[in-house]
Amino acid sequence: MANEPGEAGAGAKVDFSRDMSYGDYLHLDVVLGAQQRRSGAHDEMLFIIQHQVSELWMKLLLHELEAAIQAVAEDQLQRAFKMLARVSKIMEQLVHAWDVLATMTPPEYSQMRPSLASSSGFQSWQYRMIEFRLGNKNAAMLKPHAHRPDILAVVAAAHEAPSLYDEALRLLARRGLPVPASHVERQWADPYVASEGVEQAWLVVYRDPEAYWDLYQLGEELTDLEDTFRLWRFRHVTTVERIIGFKRGTGGTSGVSYLRKMLDVVLFPEIWKLRTDL
């Protein structure tokens, strides 16, 4: 075999009795030991791994998103653009993850569904943090985490902090653009309310890209991000409908009906509306 010492792997280290190995560095014993099936169903392994991998991607997404928000707050837009581009690419991975889960048929899911009990992706605290950091604030979404004070504290902090869009608007205001005071300082935990004044500020940028190139690029990075986020949500809806139809979700939601409502949520409304008004 090509990877055996003396062939293509000549010179490769093979004794790890005293040194850190690849598996040690990645804690693979822990990671690969975390797939504990609760049913005898073959396809439960797919379900577990797909969701665990998605949570890992979400961890990286939050790592990049938090840093991007901080960079925007500090007027370091080039750093922010790099991170936001990575966030969009991570979301593409999350979109394609649904393609694998969609290979599960309704009878296959029915075999393992009882093992889920009342657990549901609706309860993903990392997903909730992503939504909060992107500006979709809803205090009711804190309740599923009340039983875990440590997690609740982290999610609540994201709920109360300025979102990516909030920091973008504050940046526009610092650059002298006419962002209404109501959108520069407010209760950050309140749901965002679209503003004609905010759209007018963005229109100044979009009508003269050369004069406001970095802000124009920021607007397009936000557009890319929300575009991909919508695809992520859409693939979630179609995959769930394909597998369970219109049954209620295991977490108690109305399932597909609930998910379809989420498709109507717009994160950066003025950036989308200005395309009609340009």
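Reader: How much space lies in the second largest pocket?
Author: This is a predicted model, where local features need pLDDT of at least 70 and side-chain atom pairs count only at pLDDT 80 or more, while totals for chains, interfaces and linings use all residues. Residues are numbered from 1 along each chain as its sequence is written, and side-chain values use heavy atoms, with hydrogens and water left out. A pocket here is an open set of points on a 1 Å grid over the protein atoms alone, where a 1.4 Å probe fits and protein lies on both sides within 12 Å along at least five of seven lines. Counting the space filled by probe spheres set on the points, joined across faces, edges and corners, the second largest pocket comes to about 380 Å³.

Reader: Which helix gives the largest share of the lining of the second largest pocket?
Author: Lining residues have an atom within 4 Å of a point, and here they include Val-31, Gln-52, Lys-59 and Gln-126. Helices are DSSP runs (H or I, at least four residues) numbered from the N terminus. The largest share, 7 residues, comes from helix 3.

Reader: Is Ser-54 buried or exposed?
Author: Ser-54 sits in helix 3 (residues 44-73). Leaving out residues up to four places away in sequence, Ser-54 touches Leu-94 and Ala-97, where contact means heavy atoms within 4.5 Å. The cut-offs are under 20% relative accessible area for buried and over 50% for exposed, with partly exposed in between (1.4 Å probe, protein chains only). Ser-54 has 11% relative accessibility, so it counts as buried.

Reader: What arc do the buried residues of helix 7 cover around the axis?
Author: Buried in helix 7 are Ile-151, Val-155, Ala-156, Ala-158 and His-159. They lie on the same side of helix 7, because the directions from the helix axis to their C-beta atoms cover an arc of only 155°.

Reader: Which helices do the buried residues of helix 12 pack against?
Author: In helix 12 (residues 269-277), the buried ones are Pro-269, Glu-270, Ile-271 and Leu-274. They pack against helix 8 (164-174), helix 9 (196-207) and helix 10 (213-244).

Conventions
Helices (H or I, at least four residues) and strands (E, at least two) are DSSP runs, numbered from the N terminus.
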